[in-house]
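Follow it with the structure open beside the text.

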Amino acid sequence: IGKEALDNLCRAVRGGVGLGGYHGGMCDAFRNATEYQFMCGGQWVAHPGNIIDYRVDVTRPDDPVMAGIQSFAYRSEQYYMHVDPAIEVLATTTFSGEHAPWIEGVVMPVVWKKRYGAGRVFYSSLGHVAAEFEVPQMRTILARGLAWAAR
């Protein structure tokens, strides 16, 4: 992303525009744009094991984005990310260590919300391939999160 485009995007979100996205399309983009990463709340690092089975643990069942959704099994890339401690974590996953032993037991945010100025930012790491939209929990979380960001 160019400097002018980045400045305009960040200014719009700080001014109250919502931003939402998922998987690498949002948090594996513009790797050299630290202000973009600051706004989004995280940056992809790796997905040890590539496509694997893992669990998504709902941590905020009281949040409207997660209402009625229980923790669920999922098959996709399990994202290991660098995350902003200011994010509001809605769901996590725990790494088994099978594919990278040094991260065994690491609890990683999977879905979050955050504020950036007057703007709302929503992110979900779920959704590597289109078939994942057939998972009702993933589809519902993404639709609700995008609606929250858009107000």
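The largest nonpolar core has 23 residues, and Met-26, Tyr-36 and Met-39 touch the most other members. A nonpolar core is here a set of buried Ala, Val, Leu, Ile, Met, Phe, Trp, Tyr and Cys residues joined through side-chain atoms within 4.5 Å. Buried means under 20% relative accessible area, exposed means over 50%, and partly exposed is in between, with a 1.4 Å probe and protein chains only. H1, helix H2 (23-27), H3, S7 and S8 each supply at least two residues of this core. Helices (H or I, at least four residues) and strands (E, at least two) are DSSP runs, numbered from the N terminus. A second, separate core has 20 residues, including Val-58, Phe-72, Leu-90 and Phe-122. In soluble globular proteins, nonpolar side chains tend to be buried together.

This is a predicted model, in which local features need pLDDT of at least 70 and side-chain atom pairs count only at pLDDT 80 or more, while totals for chains, interfaces and linings use all residues. Residues are numbered from 1 along each chain as its sequence is written, and side-chain values use heavy atoms, with hydrogens and water left out.

Which residues does Tyr-36 contact, leaving aside its neighbours within four places in sequence? They are Leu-6, Leu-9, Gly-25, Met-26, Ala-29 and Phe-30, where contact means heavy atoms within 4.5 Å.

Helix H1 has 12 residues and reaches 16 Å from its first C-alpha to its last, close to the 16 Å expected at 1.5 Å a residue. That expected span is 1.5 Å times one less than the number of residues. Leu-6, Cys-10 and Val-13 are the buried residues of H1. Seen down the axis of H1, these buried residues fall within an arc of 65°, so they line one face of the helix; the arc is that of the directions from the helix axis to the C-beta atoms. An α-helix has 3.6 residues a turn, so residues three or four places apart point the same way. The buried residues of H1 pack against S1, helix H3 (34-40), S7 and S8. Just after H1, Gly-16 takes a positive phi of about 125°.

Strand S8 (residues 119-124) has 6 of its 6 residues buried, so the strand is largely enclosed by the rest of the structure. Both faces are covered: on one side Gly-119, Val-121 and Tyr-123 are buried, and on the other Arg-120, Phe-122 and Ser-124. Two strands pair if DSSP finds at least two bridges between them. Strand S1 (residues 19-22) runs parallel to S8 and is joined to it by 4 bridges; Gly-20 has Phe-122 as its bridge partner in S8. Strand S7 (residues 107-116) runs antiparallel to S8, with 6 bridges, and Trp-112 stands opposite Tyr-123. S7 and S8 form a hairpin with 2 residues between them, and Gly-117 in the turn has a positive phi of about 65°.

Gln-43 lies in strand S2 (residues 42-46) and is buried, with a relative accessible area of 8%. Not counting residues up to four places away in sequence, Gln-43 touches Cys-27, Asp-28, Ala-29, Arg-31, Gln-37, Met-81 and His-82. Gln-43 and Val-83 are 40 residues apart in sequence, yet their C-alpha atoms are 6.5 Å apart in space.

The charged pairs come last. Side chains of opposite charge can pair when their charged atoms come close. The whole structure holds 8 salt bridges, each being a side-chain nitrogen of Lys or Arg within 4 Å of a carboxyl oxygen of Asp or Glu. In one of them, Asp-7 pairs with Lys-3, with the closest N and O atoms 2.8 Å apart. Being 4 residues apart in helix H1 (residues 3-14), Asp-7 and Lys-3 are separated by about one helical turn. Asp-7 is partly exposed at 30% relative accessible area, whereas Lys-3 is exposed at 64%.

Asp-28 and Arg-31 also form a salt bridge, at 2.8 Å from N to O. Asp-28 is partly exposed at 27% relative accessibility, as is Arg-31 at 43%.

Glu-88 and Arg-60 meet in a salt bridge at 2.7 Å, N to O. Glu-88 lies in strand S6 (residues 88-94) and Arg-60 in the loop between strand S3 (51-58) and strand S4 (72-77), so the pair ties together parts that are 28 residues apart in sequence. Salt bridges that share partners join Arg-60, Asp-62 and Glu-88 into one network.
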